[in-house]
Every structure is written in structure tokens, then in C-alpha cells.
Amino acid sequence: MRRLMLLRHAKTETDTPSGRDQDRRLDDRGRLDAAEIGGWIGRHPPFPGLALVSPAVRAHQTWEFAWEAMKGLVPPPRVELLPELYGADPTQLLHAIREASAADPRRLLLVGHNPGMHELALALAGSGDAAGRKALAGNLPTSGLAVFDFAVDDWADVAFRQGKLVLFVSPKMLKQASGG
């Protein structure tokens, strides 16, 4: 069994002084949301053993704020910045997942970008949480987390439509559930 966690970067500023999309940083809400989803991950095992993170500033910051909220709750995962995650389509993202076979973590976290992450989540979901699949069909929002289980022993065997959506959660959904 392998568990995959897809985390879209948190809310960002609309512009950056450099004009480069990759340099966009998290805004205030993004920092709060990344910490909230990180805290949620830290309270809901099992935890990732490897985090593959896009090197775009917003994705890296999302990981940093999420990790800060998890610290002390979970054992530290290995973290790799993967340039190929920036702007990746579902096939490229699936390739990165399959490449995790070399490190062989039982649980893998990807921190990346839409539209690729949303399209990947939709392509992987073959079964699982019906309400989560319906909510995920519309969007993978900023700081949205989709968790999939795969009945395989090797990441190289992960395939489209073979994932079981265990849950889909976002800071907005967490606020609604707590009445906030």
C-alpha cells in the first residue's frame, strides 16, 4: 500500500517585483492557510516520508509554513525540490511520483500547482470518498489537500484511475466544519 498526498500551494500575491511567476510569494492568508493545513496533516497520521516540492517560491513557502506547523508532531520527512514540478501536467507529475520508487517512501507528499495538480487528482481518483470526489471535481483550491491510497507495493506501479481518494480537505472546509 502506498499513500500519496497532493497539496496545492497556498494563496499568493498577484504580482512580484521581478515580474516572474516563479517568484510570487504567499500572501497573509496563504501563510495562515499553509500553517493550518500543515497542522491538520500533523494531527492526522500517517505522515509523509518524502516531500517533493516545486522550487517556485510559493510552493516552497507553502511547504515551509506547513512543516513549521507539523514540527514536533511528526518525524521529519526527506524534502526534495524538483524543478520539473513547476508547470507540470498530470503525465509529468505521474512520472515524478513513479520516480519516487528509488527512495521508496511508503507515504509521499507533492507540493505543486494547478492546473496540473487538480488534473492529476481527477485522473488518479478511481474510487473512494464520494463526497470528496464531488467536491474535488470543481477545483483543487489553494492549500487544498487530496489524499490517495494505492494498492501497490512500488511507486512505479501507480497509475491513473487506480487511486482510492481517502479524503479531500482545504482550510475553507476545515473552517466550515468547525463552524468558523
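Which residues line the largest pocket? They are Arg29, Asp33, Ala135, Pro141, Thr142, Phe168, Ser170, Pro171, Lys172, Met173, Lys175 and Gln176.

## Ground rules

This is a predicted model, with local features needing pLDDT of at least 70 and side-chain atom pairs counting only at pLDDT 80 or more, while totals for chains, interfaces and linings use all residues. Residues are numbered from 1 along each chain as its sequence is written, and side-chain values use heavy atoms, with hydrogens and water left out.

## The largest pocket

A pocket here is an open set of points on a 1 Å grid over the protein atoms alone, where a 1.4 Å probe fits, with protein on both sides within 12 Å along at least five of seven lines; lining residues have an atom within 4 Å of a point. The largest one comes in at about 200 Å³, volume being the space filled by probe spheres set on the points.

Helices H1 (28-43) and H6 (171-177) each put at least two residues into this lining, helices being DSSP runs of H or I with at least four residues, numbered from the N terminus. H6 has the largest share, with five residues. By class, the lining has five nonpolar, three polar and four charged residues. For these classes, Ala, Val, Leu, Ile, Met, Phe, Trp, Tyr, Cys and Pro are nonpolar, Asp, Glu, Lys and Arg are charged, and the others, Gly among them, are polar.

## The second largest pocket

Next up is a pocket of about 160 Å³. It has 15 lining residues, and Arg58, Gly87, His113, Asn114 and Pro115 sit closest to its centre. Its lining splits into six nonpolar, five polar and four charged residues.

## Salt bridges

Side chains of opposite charge can pair when their charged atoms come close. Count a salt bridge whenever a side-chain nitrogen of Lys or Arg is within 4 Å of a carboxyl oxygen of Asp or Glu, and you get 12 of them.

One to look at is Glu36 with Lys175, whose closest N and O atoms are 3.1 Å apart. This pair ties together distant parts of the chain, Glu36 in H1 and Lys175 in H6, 139 residues apart. Glu36 is partly exposed at 26% relative accessibility, and so is Lys175 at 34%; that label covers what lies between buried (under 20%) and exposed (over 50%), using a 1.4 Å probe and protein chains only.

Elsewhere, Arg78 and Glu80 meet at 2.3 Å, N to O.
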